Amino acid sequence: MTDLDFYAHVATRKEVLGVGIGAQPGEWETTLGDDCLDTEDGSLLRRDYGLVELSFQDEDGAWPCFGMSVQVHRLRWDSESSVPAPLRDAYGDFAPATRFEALAAAIAELGCSVAPEPEPDEDGTAGCIRRYRVTESGVRIFVRADEDDQGQSGTVWSLSVSPAWWSEAG
């Protein structure tokens, strides 16, 4: 399996090595290890594994994951230490960049599709990033669109598995 297989799996199945939204911090630690940075702010916890970033919220002593993102852009500068060892073991080396077209094709091979047009930027925050949605899973794919960005236009910036953040869009 390859890094592209990993991204396509996250985009279509909304999980990382069998763990996803609703899982507790301990489940993530069992899956990805303890080499991470935790930032707690009241009832919120952000866990940063480099490539994978997780958000948890305290619910009466339980901490279910409510948001997961795959920060592909971080690999541009450091593709080795940004990838948790269990992901390297499962998927091999991760490239410093991934083309959106290649990811969309890999998603199609898994029986899903990416909306052909980017989502509208109604709040004006997208700038040089375009947002696409995987139709069947609702996962968002953020893609660089700035033509002046040293050949990075058309590369995947991140994937967002965060149903609580965009439930209004389906």
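User: Why is Ser82 called buried?

Analyst: This is a predicted model, and in it Ser82 has a relative accessible area of 11%. Buried means under 20% relative accessible area, so Ser82 is buried.

User: Where does Ser82 lie, and which residues does it touch?

Analyst: Ser82 lies in the loop between β6 and α3, and, leaving aside residues up to four places away in sequence, it touches Tyr49, Gly50, Leu51, Arg74 and Leu75.

User: What makes the approach of the Ser82 side chain to the backbone oxygen of Asp78 a polar contact?

Analyst: The side chain of Ser82 reaches that backbone oxygen of Asp78 at 2.8 Å, and a polar contact calls for a pair of N or O atoms within 3.5 Å, one able to donate a hydrogen and the other to accept it.

User: Why are α1 and α4 called oblique to each other?

Analyst: Helix α1 (residues 3-13) and helix α4 (residues 100-109) pack at an angle of about 60°, their axes being 9 Å apart. Roughly parallel is kept for angles under 35 degrees and roughly perpendicular for 65 to 115, and α1 and α4 are therefore oblique to each other.

User: Which residues make this contact, and how do they divide by class?

Analyst: From α1 come Leu4, Tyr7, Ala8, Ala11 and Thr12, and from α4 come Ala102, Leu103, Ala106 and Ile107; by class, the contact of α1 with α4 has eight nonpolar residues, one polar and no charged ones.

Definitions and conventions: Residues are numbered from 1 along each chain as its sequence is written. This is a predicted model: local features need pLDDT of at least 70, side-chain atom pairs count only at pLDDT 80 or more; totals for chains, interfaces and linings use all residues. Side-chain values use heavy atoms; hydrogens and water are left out. Axes are lines fitted to C-alpha atoms, for helices over the stretch in contact, and angles run from 0 to 180 degrees between N-to-C directions. Helices (H or I, at least four residues) and strands (E, at least two) are DSSP runs, numbered from the N terminus. Angles under 35 degrees count as roughly parallel, over 145 as roughly antiparallel, 65 to 115 as roughly perpendicular and the rest as oblique. Contact means heavy atoms within 4.5 Å. Ala, Val, Leu, Ile, Met, Phe, Trp, Tyr, Cys and Pro count as nonpolar, Asp, Glu, Lys and Arg as charged, and the others, Gly among them, as polar. Buried means under 20% relative accessible area, exposed over 50%, partly exposed in between (1.4 Å probe, protein chains only).
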